[in-house]
Amino acid sequence: MKRHFRVWRGDASGGEIQDFQVEVNDGEVVLDIIHRLQATETPDLACRWNCKAGKCGSCSMEINGKPRLGCMTRMSTFEENETVTITPLRTFPVIRDLVTDVSFNYEKARETPAFAPPPGVAPGDYRMKQVDVDRSQEFRKCIECFLCQNTCHVVRDHEENKKAFSGPRFFIRAAELDMHPLDDRTDRKEYAQASQGLGYCNITKCCTEVCPEHIKITDNAIIPMKERVVDRRYDPLVRLGRKIFRRDQLEDPSIGHGGIPTRSRSGDNMAPSSSEGVTGVAAGLSGAGARLPQGPPIGPDGKMDVAELVSQNAGGPSPFGDDQEFPLRKITYNHPEPDKD
Ligand code: SF4
Ligand code: SF4
Ligand code: FES
């Protein structure tokens, strides 16, 4: 049976929607139709794909205006006489046809401080409670399809926000590390607020709606992060401190502690431990300025240090080797040595 498809074709200089009548068989997905087009009428139709199993995150596209994975969109979900329109992701610059330049996301990944294990714990000695693993495990399901990034109106309609906004994929990364029982950075929320643009998000949940891994991006990552930031900003004791001290005193670093409470290493890492509470009260009363959300120090390039590069306890060897410079130009991936046993 032949069905009507409309596919955007073009490149960075412009393009148009083209019409095709393509055969559709039982059980096929949209990516099958693109492959059939490549095998018949349009051998030069460009489309990214890899696994055809919803796991590599390559085949992101917009199908009838909705950001989806081509390999996970069954043709049976459309009406029999429905026209299927396939267009590239709108938020990222088009390279050709359905292929877009998603390097924005890799730049934001590069800016996100990496996992920072505590000093004195060798990789083989990491021990975590299952309950702590469960909480952040949801975010590890991310396949980096960037459908959430493409959907978020903060950058979809406002190119100018891209500099200041990392997007939902990197909010879940920040939340994941914030919940990680062995991550030694205690300023993830402050960094998300000050440097990743967490405040731009108005929790519309569009990102959650399109996530093919069904990660509850807004409910389980963004909202808890926002709550922690707001908790610190509107803590009644902090407010009392603000009433007692004048603005210039609050901004005077010699008054505040400048330190962020030490993370509890067991139980609920998103909630302050009792010792954190005590520290927080002290900080709130003696220097409310120290409790305002603020980013950690940034380097001369305007970016925060990448923990992997500066930490004495690196997270693990880079699969790219030690001589690789970022951003990657020529990838020299070192395959691990096969186990000889
Ligand atoms: S909930 Fe926030 S991050 Fe997600 S799409 Fe809406 S504005 Fe963007
Ligand atoms: S969070 Fe979901 S939508 Fe966003 S990149 Fe990961 S898998 Fe894709
Ligand atoms: S081809 Fe891998 S997710 Fe679609």
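Here is a short chat about the predicted model shown above.

Visitor: Hi! Before I look closely, what is the mean pLDDT of the protein chain?
Guide: Hello! This is a predicted model, and the mean pLDDT of the protein chain is 79. Of its residues, 70% reach 70 or more.

Visitor: Which elements have the lowest and the highest mean pLDDT?
Guide: Helix α12, residues 274-286, has the lowest, with a mean of 33. The highest belongs to helix α4, residues 147-151, at 97.

Visitor: And where is the pLDDT below 50?
Guide: Over residues 253-293. In the model, that stretch has 63 contacts beyond near neighbours in sequence.

Visitor: Which residue in β2 stands opposite R3?
Guide: That would be V22.

Visitor: Where does E41 lie?
Guide: E41 lies in the loop between α1 (30-39) and β3 (60-63).

Visitor: Is E41 buried or exposed?
Guide: Exposed, because E41 has 12 C-beta neighbours inside 10 Å, and a residue counts as exposed at 12 or fewer.

Visitor: You mentioned α1. Which of its residues are buried?
Guide: V30, L31, I33 and I34 are the buried residues of α1. Seen down the axis of α1, these buried residues fall within an arc of 155°, so they line one face of the helix.

Visitor: What covers them?
Guide: The cover over the buried residues of α1 includes β1, β2, β3 and β5 (84-87).

Visitor: New topic, the ligand. Which residues come nearest to ligand 1?
Guide: There are 13 residues around ligand 1, and C152, P168, C201, T204 and C207 come nearest.

Visitor: Which helices each supply at least two residues of that shell?
Guide: Both α8 (206-210) and α9 (217-234) do, for the shell around ligand 1.

Notes
Residues are numbered from 1 along each chain as its sequence is written. Chains are lettered from A and ligands numbered from 1 in the order in which they are written. This is a predicted model: local features need pLDDT of at least 70, side-chain atom pairs count only at pLDDT 80 or more; totals for chains, interfaces and linings use all residues. A residue is near a molecule or strand if its C-beta atom, placed from the backbone, lies within 6 Å of it. Helices (H or I, at least four residues) and strands (E, at least two) are DSSP runs, numbered from the N terminus. Two strands pair if DSSP finds at least two bridges between them. pLDDT is the predictor's confidence in each residue, from 0 to 100. Two residues are in contact if their C-beta atoms, placed from the backbone, lie within 7 Å. A residue is buried if 20 or more other C-beta atoms lie within 10 Å of its own, exposed if 12 or fewer, and partly exposed in between; C-beta atoms are placed from the backbone. The arc is that of the directions from the helix axis to the C-beta atoms.
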